[in-house]
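Welcome! Please take a look at the model below before reading on.

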Amino acid sequence: MKVVLQNLTKRFPNRNKKIKEDVVAVSDFSFEIPDGELIGLLGPSGCGKSTTLNLICGLQKPTSGRIFFGEDDVTDLPPENRGVGLVFQNYALYPHLTVRQNILFPLQNLKGAERPSKEEMLRRALEAAKLVQIDTLMDRKPSELSGGQQQRVAIARALVKMPRVLLLDEPLSNLDARLRLQTREEIRRIQRETGITTVFVTHDQEEAMSISDRIVVMKDGVVQQIGRPQDVYDSPVNLFVAKFLGTPPINVFEGEVRGGLLRLGEDAVLKAALPDQKVWVGIRPEGFAPEQAGPLHCELRAVEVMGRDISVVAGHPACAGTAIRAIIRAEDRPDTQVGTVRFALKPHKVFLFHRESEERLAVELS
Amino acid sequence: MERRSAKGWLYLLPAVAFLGVFLVYPLVDVFVYSFEEGYNSASQSFFGVGPYNYSYVLHDPYFLQALKNTFVLVIITVPLSTGLALLISVGLSSIQKLKDLFQTVYFLPYVTNTLAVGLVFMILFKKTAYTDGLVNLMLHWFGAGPVDFIDGPHWAKMFVLCFYTVWVVMPFKILILTSALASVNQDYYNAARIDGTSRSRIFFRITLPMISPMLFYLIITGFIGAFKAYSDAVAIFGVNLNAAGMNTMVGYVYDMLYGDSGGYPSYASAAAIILFVIVLTITCINLLISRKNVHY
Ligand SMILES: Nc1ncnc2c1ncn2[C@@H]1O[C@H](COP(=O)(O)OP(=O)(O)O)[C@@H](O)[C@H]1O
Ligand SMILES: [Mg+2]
């Protein structure tokens with residue numbers, strides 16, 4: 001099922017009653033989700049991700065804009081008539097019902113001709129449980145399950161009605177690191193198997209990048225960039241997106257273009273065909289190459305070994321953060337005795353941004 | 001391990017001692033009195049030991065009347081007040097505007113003195129030589145004859161007592177239930193809405209189980225409170241409850257000790273033990289039922 005969002009806007013009266021101005025939780029959001037894709041909705045907390053999800057599932061009505069599922073305009077439909085499944089951050093499993101009863105619950109709400117027979121309900125509940133591999137836990141209460149198992153029950157409950165669209169609101173944020181990794185693979189697998197169009201909300205960029213067909217980066221209710229994870233990573237449209245994606249995060253410098261050269265403090269690092277101006281410079285950690293005669297002079301602070309790669313912590317006067325973090329191959333390990341290290345920069349890992357607007361500057365670097 | 005548990009007991013000692021002296025000892029003492037026939041607290045003497053006190057009390061028409069009154073009061077007021085409170089709380093929590101407006105209003109009975117409220121009830125219901133009272137005035141509009149609610153037939157008096165009890169206990173129950181309702185995570189309702197759950201199913205399958213611990217707490221304390229009712233009856237019908245036929249079990253115990261016909265601590269003790277056994281039984285039954293239906 002294709003999902004189309006057309007100029008969606010949602011305003012809330014401010015929770016702080018002293019402030020008259022409305023909160024714009026989602027602003028002019030337009031996006032067409034292709035059928036069967038898994039979309040990662042990504043952004044810092046409070047940027048309007050949950051609100052967007054609530055608009056899609058119908059728990060909230062948009063202030064303006066329209067929502068289509070396939071060709072149907074569902075903007076004015078109540079949630080139960082949209083055919084969506086929603087998984088909540090805290091799972092919202094009914095604590096007094098067993099796993100089986102929880103999964104059966106949506107089916108038991110069906111009325112008239114839609115309502116399956118009792119055997120059919122049980123069969124479908126078991127099928128959903130098998131899909132998420134909890135079919136051996138059917139008689140337990142949610143409190144007797146681990147976080148990861150509860151998560152699966154929540155997904156089974158959302159899937160049992162065979163929704164046209166599956167929505168997941170920060171489904172992994174209550175799990176520990178190892179389970180999170182495992183469960184996100186699981187979600188990817190389930191999504192592939194069922195082919196249901198899925199929107200996955202998270203504030204964790206790594207999570208979004210790893211499982212999404214496409215990511216949507218949001219900030220303050222405004223969509224910043226939409227694209228395949230690798231494309232967004234390789235060419236962010238502004239400083240915010242550049243900073244938000246990638247671990248370790250991108251290194252930001254105060255730079256200047258003068259006479260066709262990009263300068264970081266005293267160092268002229270790359271050629272840049274731009275009029276003279278001050279800029280922000282973002283350099284990915286993997287964009288540094290240690291070189292005897294490299295143009296970037298850094299103070300070497302520490303070297304951390306991470307197995308195949310090593311991470312170099314260094315300082316530079318033009319650096320906007322506290323330290324530079326570069327990821328290099330282990331055999332390029334600089335000599336810690338010296339106290340300084342020089343880098344050459346890989347041009348395709350270096351991005352220039354306008355100093356005021358923070359928009360990406362289109363420029364060929366070399 | 002040994003030393004640690006010894007230390008634990010040491011910390012508990014003050015509380016245990018206190019409870020022992022002021023709670024367990026009197027209870028045991030009352031139990032002993034109830035079997036001492038003709039006990040005299042002044043001379044500390046008694047004639048013999050046996051079940052006579054119980055037999056006397058159980059054959060005393062005043063006691064039987066008090067027992068009946070108490071049971072009627074319990075059976076009518078506990079379900080009625082809890083049910084009404086639940087209804088009102090659900091209403092209050094689903095309408096934001098009502099919430100603020102009635103917050104003070106419905107709480108007034110709770111902060112008002114029982115005797116004062118009783119007096120007001122008496123004035124509302126009382127029929128004197130000069131006036132039939134406000135309630136009778138209203139009854140008259142509907143074409144019903146005047147009823148003397150305070151000195152008239154037993155059912156009318158019982159009605160006033162029940163009405164009064166329900167009215168007095170309601171605010172506390174509403175307070176507890178509204179906060180219980182407010183503490184139910186909104187996500188459960190959102191999940192239910194997405195699944196197209198009907199309102200009644202949401203209420204019975206989600207709301208009710210979610211607030212069941214609080215509801216159960218109210219039912220248990222409601223039972224116990226109603227079994228121990230006394231001051232309410234005094235406030236409306238005066239101190240001579242036996243004459244009015246409106247005595248309660250606690251009232252009977254009190255009268256046996258201090259009333260005009262009092263001075264019988266043995267009978268009082270026997271009646272008190274009977275009350276204790278009844279309350280204990282009912283509470284145990286409640287607990288048993290709750291095992292299946294209350295979800296913590
Ligand atoms: N019911 C509401 N009333 C007022 N403001 C709200 C309401 N819901 C959300 N907001 C505001 O809208 C913004 C976006 O919230 P939300 O969508 O929950 O963010 P996210 O899920 O990305 O953390 C926040 O600033 C939040 O305070
Ligand atoms: Mg959120």
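Here is a short briefing, grouped by topic.

This is a predicted model, in which local features need pLDDT of at least 70, side-chain atom pairs count only at pLDDT 80 or more, and totals for chains, interfaces and linings use all residues; side-chain values use heavy atoms, with hydrogens and water left out. Residues are numbered from 1 along each chain as its sequence is written, while chains are lettered from A and ligands numbered from 1 in the order in which they are written.

**Chain A overall**

- Chain A has eight helices and 20 strands, where helices (H or I, at least four residues) and strands (E, at least two) are DSSP runs numbered from the N terminus.
- The C-alpha trace of chain A spans about 75 × 45 × 40 Å along its principal axes.
- Of the 366 residues in chain A, 51% are buried (buried means under 20% relative accessible area, exposed over 50%, and partly exposed in between, with a 1.4 Å probe and protein chains only).
- Taking contacts (heavy atoms within 4.5 Å) in chain A between residues at least 6 apart in sequence, 65% join residues at least 24 apart.

- Strand β3(A), residues 38-42, is mostly covered, with five of its five residues buried.
- L38(A), G40(A) and L42(A) point one way from β3(A), while I39(A) and L41(A) point the other way.
- β3(A) runs parallel to strand β8(A), residues 197-202, and five bridges join them (two strands pair if DSSP finds at least two bridges between them); here L38(A) stands opposite T198(A).
- β3(A) also runs parallel to strand β9(A), residues 214-219, through four bridges, and G40(A) stands opposite I215(A).

**An open sheet in chain A**

- Five strands form an open, antiparallel sheet in the order β15-β19-β16-β17-β18 of chain A.
- Its edge strands are β15(A), residues 288-290, and β18(A), residues 324-329, each pairing on one side only.
- Neighbouring strands of this sheet are turned by 50° against each other on average, direction ignored.
- Six bridges link β17(A), residues 309-315, to β18(A) in the antiparallel sense, and D309(A) stands opposite R329(A).

**Backbone points to check**

- As background, most residues other than glycine have a negative phi, and most peptide bonds are trans.
- A cis peptide bond with omega of about -10° joins T247(A) and P248(A); P248(A) lies in the loop between α8 (239-244) and β11 (251-258) of chain A.
- D28(A), in strand β2 (residues 23-33) of chain A, has a positive phi of about 50°, and D28(A) is partly exposed, with a relative accessible area of 46%.
- A92(A), in the loop between β6 (84-87) and α2 (99-108) of chain A, has a positive phi near 50°, and A92(A) counts as buried at 2% relative accessibility.

**A helix pair in chain B**

- Helices α9(B), residues 186-194, and α10(B), residues 199-227, pack at an angle of about 165° with their axes 11 Å apart (axes are lines fitted to C-alpha atoms, for helices over the stretch in contact, and angles run from 0 to 180 degrees between N-to-C directions).
- α9(B) and α10(B) are therefore roughly antiparallel (angles under 35 degrees count as roughly parallel, over 145 as roughly antiparallel, 65 to 115 as roughly perpendicular and the rest as oblique).
- Y188(B), Y189(B) and A192(B) in α9(B) meet I202(B), I206(B), T207(B) and M210(B) in α10(B).
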